[in-house]
Amino acid sequence: MDGRQRQDEKGDKHTVLDVCDAFDELSEVGPLAVGPREEIIYPILFGGFILNIPIKLQGSRFYLYPTVMFVHMQDQVFHHKKQTALQALNGNQLQQALELYTEALQIAQSLPHLFSEIPKILSNRSLVYYRQGKFQLALHEANQSINVNRLWIKGYWRAAKAHKELGQVDFALDAAIGGYNVSVNQNQEEEIISFLVEIVSIIITLRHDPKNLLENSEILTGSIQTQRKLLQRLASNNCWEGVSLLVMGDHAGPPSTLDASAASCPVDSLSVGNLLNNITIPELKRFGVDLAICLLRSGASYEDIEEKMEKPVIHVGLKVALDTGNISLIKLMFSQYLKTPETKDALDGDGRTGLHVIVHSGKNNDSIGETLLRLLINNGCQSSIPDRNGKLAIDYLTPNDLGFSVLSTTTKVADSHVKVQIDEIKEKGNMAFKNKEYKEALIFYNKAITMVKGYKNLTREAAVVLTNRSIVHTSLHSVTEALRDAEEAVRCDQTWLKCELFQGHWKRGQLLRQKKLFRESFSAFLEGYWKGDGTVSEKYNILVEAVASFSNITEKQELEANYKSLSKVSNEAWPEVMTKLSVRGEWAAIRYVVLGVDFKYINGQVTPSGVARDVDLQGITYSTLFQYLESHEDPASLNDWITPLVSFLITQRGDQGTLLRFRESEEDVPLSAVVRFCVLTGDIALLQNMPYRPEMVEFVDGRGDSSFHALFKMSHCPQGKLLASIVRLLLQKGVSPTVRDRSQRLPIDYVNPSNNKEVHDILKKYTKQEQRLKQQQEQEKQRQETLRQQEERQRQKEEKREEGERRREKSEEAVRGKHRRNKRPTDKARKKEQAYTLAYCNSKIKDATEFLLDKNMTQAYLSLAEVLKKVHMSEEHKELQQQALDIVITSLGISPYQEIEIPNELVKIPHELYKQLINGLAAKERWIQMYFAIKEHRLHHGDLSLPNFAKSMPLTKVIKHSSFKDSEQLLIDVVKCMLDGGAVLDEGMLSCRLLN
């Protein structure tokens with residue numbers, strides 16, 4: 001139906017159709033309905049749906065003439081329903097989402113410019129049905145979506161998913177291939193990958209080609225980049241047979257053009273650890289072993305295998321060989337990775353070598369067991385390493401076992417007599433060391449070391465003696481010799497950690513750090529953590545030492561390369577390690593553990609990348625932070641990381657409890673600690689980003705000092721702009737400058753006006769207000785005293801008058817007198833309280849007036865909120881309440897809406913008063929300010945607060961108001977808010993606004 005643009009008598013442009021053309025090209029499916037202004041509601045059949053279009057008839061011409069306001073409002077309603085439906089869908093409120101999508105569909109069918117939205121809504125309804133488990137309905141909606149727009153990709157996706165759930169695998173494959181072809185034509189790479197994943201997932205479940213779909217379809221994986229993404233997606237879904245299909249063409253499904261189509265794609269980034277962890281033994285035998293070999297030959301990571309499988313590489317290879325009877329993988333591991341004694345003789349979590357694993361497998365008398373034993377021995381694995389029970393692998397075999405003869409030829413075992421001799425010599429060396437006879441001790445240790453050499457079952461004894469000799473060399477300041485013995489001790493027994501003295505890995509790490517070889521020291525400590533045989537506490541201690549050494553590495557490339565090792569540490573270790581680091585004051589180490597080597601810090605928000613960024617950090621102590629800063633030559637040079645670190649710890653990650661623990665000592669308070677931190681670093685960012693907590697600004701520390709006192713009493717109190725900035729921030733946070741310390745001195749008393757005139761002038765203004773309030777309180781006190789004296793004289797006269805009556809009515813008068821005495825103090829107390837409240841409210845209103853003159857709106861509104869929150873009984877008090885409310889209404893009314901700031905305390909005033917505030921703004925026709933006041937109230941009290949606030953408000957005035965001249969979207973927002981609040985939209989009301 002082709003149309004031409006033409007202007008009507010008002011100058012508006014509309015699509016014009018010849019009558020004959022319209023009736024020829026429109027498919028009439030119902031009677032014409034006559035609308036207002038000679039309009040015809042004409043139904044059109046579009047994509048299987050009836051769309052009702054308003055058309056204006058003039059002579060022999062049709063004008064498509066939906067009013068501007070009608071189209072605009074319907075468009076707004078459509079997008080609102082669509083967005084709300086999406087939110088309901090994401091919140092798993094499926095029935096609500098379905099109803100909203102249905103309503104949105106009805107609107108889209110009535111507006112031509114929304115026709116393109118119809119397939120989108122249909123595919124979304126299909127998704128809702130799918131999640132409800134109504135797969136037949138989901139399929140129907142998906143097919144409808146495809147019928148309306150055959151180029152709408154998501155329709156094919158929904159159809160494939162629904163077919164799959166209905167068990168119609170052949171139809172699912174057909175839909176997936178259709179979606180793939182549309183995606184290719186539109187060059188949508190992400191959609192291509194998604195459909196390829198689905199197609200591959202279906203192929204591996206088939207045993208023949210249904211309807212010859214694969215034979216008749218040319219499905220290609222595209223560029224190398226697309227192939228990499230496709231393989232990554234399949235791997236992340238643990239669809240490893242799909243990976244095997246693309247890389248090797250090895251799978252159980254029918255053949256297709258996808259077989260081995262990614263054979264030339266690099267696969268080094270795929271995780272062999274995940275592969276071996278997530279497939280069954282039959283799958284290992286069928287394609288898993290071959291795929292693992294293919295990935296490793298292409299450069300896949302062996303370290304990843306250890307990380308994902310949580311055991312050494314050699315143990316993983318042995319398990320695969322024992323499970324499948326296939327030794328190809330373990331042979332490849334020896335040729336590529338198992339080159340060093342550390343990798344060949346690595347111990348698993350049970351303290352066993354690979355040889356122990358074989359003899360415990362129950363297959364040592366099978367051919368596979370004997371073959372693996374010979375393979376390990378021929379490749380240099382040591383048969384003389386004991387397990388945690390002190391037993392060698394051969395100790396678990398009998399002479400009749402097949403593997404006994406293999407192991408017996410390689411193991412030299414010392415008898416008990418040799419062990420006793422070595423222990424006696426070692427003890428003599430220990431005694432000489434205790435007596436500080438270091439050269440004598442060296443003689444005994446040298447002799448013991450000579451004796452243990454050659455015996456394969458004395459590796460622990462050798463490690464102990466070597467460690468002891470290393471300690472003697474340290475005492476003699478022979479660092480090089482000490483380091484050599486420590487490294488040799490580790491080679492003898494990799495499980496030798498730190499017990500009573502610095503031993504094994506611990507000693508080696510300490511010596512390397514003394515020589516400023518921090519990278520090597522870090523590696524030594526971390527190796528001890530992984531391979532050491534100490535208690536949990538000892539292992540945490542050596543991890544602390546590792547991180548401390550890491551923080552001293554200066555080259556960024558080395559930092560990044562070594563940081564990967566820390567990511568393998570379990571999250572369970574980090575809370576205790578972080579506590580220990582904070583107690584030691586190792587804040588540079590904490591920086592790397594929490595923030596990482598690289599992090600983002602934008603507008604006070606930190607995006608960390610550290611290994612411990614998500615763990616519980618409640619155990620951190622902050623007292624050492626200030627010692628760390630004070631001991632640094634230039635604390636300001638640390639600002640690039642120290643402020644982001646502390647900000648993340650106490651404001652982003654921490655709760656209120658964490659914030660309250662931020663202090664230098666037990667007497668300290670958090671806000672004073674933050675001020676001290678800002679002074680030391682010369683950076684006010686932490687104070688700026690501190691959340692507002694009323695209970696914090698009221699704190700004084702254990703010395704009776706407020707945060708102002710703590711600032712001015714610092715030994716190195718800052719001067720100039722930094723001091724002024726901190727003072728202003730404290731005032732903005734609500735900290736009072738009129739609190740006195742234990743010496744009864746105000747903060748201003750510690751400021752030298754000649755050196756800090758700006759700060760002195762700022763505080764002087766607040767001090768004047770405090771002095772004026774104090775004077776008023778003194779006057780009120782004197783007035784109360786005068787009233788008390790007058791009452792006392794009156795009481796004495798009354799007692800004399802009643803003396804005669806008490807003689808006649810003694811018992812009765814006693815009761816009345818007691819009643820009067822009890823009553824009078826109550827009346828006086830009430831009068832005093834009312835008088836004090838009156839003076840207090842007067843002072844707050846005066847303070848607010850001065851703050852408004854200084855353009856300090858926040859402080860003004862806080863003072864007025866104090867008045868409005870009081871319970872006012874007397875007429876005088878109610879007049880003050882109304883005066884405060886009028887000031888708020890007037891101030892908000894003249895404020896540009898871009899600068900409106902309504903503090904939390906003002907929003908907390910009684911609801912009835914807040915309604916009066918809203919009505920006052922409406923009476924002054926300050927519609928925008930009223931709208932922001934409503935938004936702020938609902939932000940704190942919920943979307944249902946202040947219901948029907950606009951029930952009697954005239955929307956006509958709002959729509960025609962000049963303040964919305966260049967703010968049409970703002971007008972729509974205000975009108976919607978008022979409609980939600982009970983206002984009524986008359987027909988044509990907004991049309992007149994938009995057509996004027």
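This note discusses aromatic pairs, charges over rings and salt bridges in a predicted model.

1. Basis of the note. Residue numbers start from 1 along each chain as its sequence is written. As the model is predicted, local features need pLDDT of at least 70 and side-chain atom pairs count only at pLDDT 80 or more, while totals for chains, interfaces and linings use all residues; side-chain values use heavy atoms, with hydrogens and water left out.

2. Aromatic pairs. The whole structure holds 14 aromatic pairs (rings of Phe, Tyr and Trp, the last by its six-membered ring, with centres within 6.5 Å; planes under 30 degrees apart are stacked, over 60 edge-to-face, and the rest tilted). Phe550 and Tyr563 make a tilted pair, with 5.7 Å between centres and 50 degrees between planes. Phe550 belongs to helix α26 and Tyr563 to helix α27, 13 residues apart (helices are DSSP runs of H or I, at least four residues, and strands are runs of E, at least two, numbered from the N terminus). Both Phe550 and Tyr563 are buried (buried is under 20% relative accessible area, exposed over 50%, partly exposed in between, with a 1.4 Å probe and protein chains only).

3. A second pair. The planes of Tyr622 and Phe662 stand at 70 degrees with ring centres 5.1 Å apart, so this pair is edge-to-face. Tyr622 is in the loop between β8 and α30, and Phe662 in the loop between α32 and α33, so the pair ties together parts 40 residues apart in sequence. Tyr622 is buried at 3% relative accessible area, and Phe662 is buried at 0%.

4. A ring cluster. Phe522, Phe550, Tyr563 and Tyr592 are linked into a cluster by ring pairs.

5. Charges over rings. Lys211 lies over the face of Phe171, 3.7 Å from the ring centre (the rule asks for NZ of Lys or CZ of Arg within 6 Å of the ring centre and within 35 degrees of the ring normal). The charged end of Lys539 is placed over the ring of Tyr529, at 5.4 Å from its centre.

6. Salt bridges. The count is 35 salt bridges (a side-chain nitrogen of Lys or Arg within 4 Å of a carboxyl oxygen of Asp or Glu). In one of them, the closest N and O atoms of Glu664 and Arg676 are 3.1 Å apart. Glu664 lies in the loop between α32 and α33 and Arg676 in helix α33, so the bridge ties together parts 12 residues apart in sequence. Glu664 is partly exposed at 25%, whereas Arg676 is buried at 10%.
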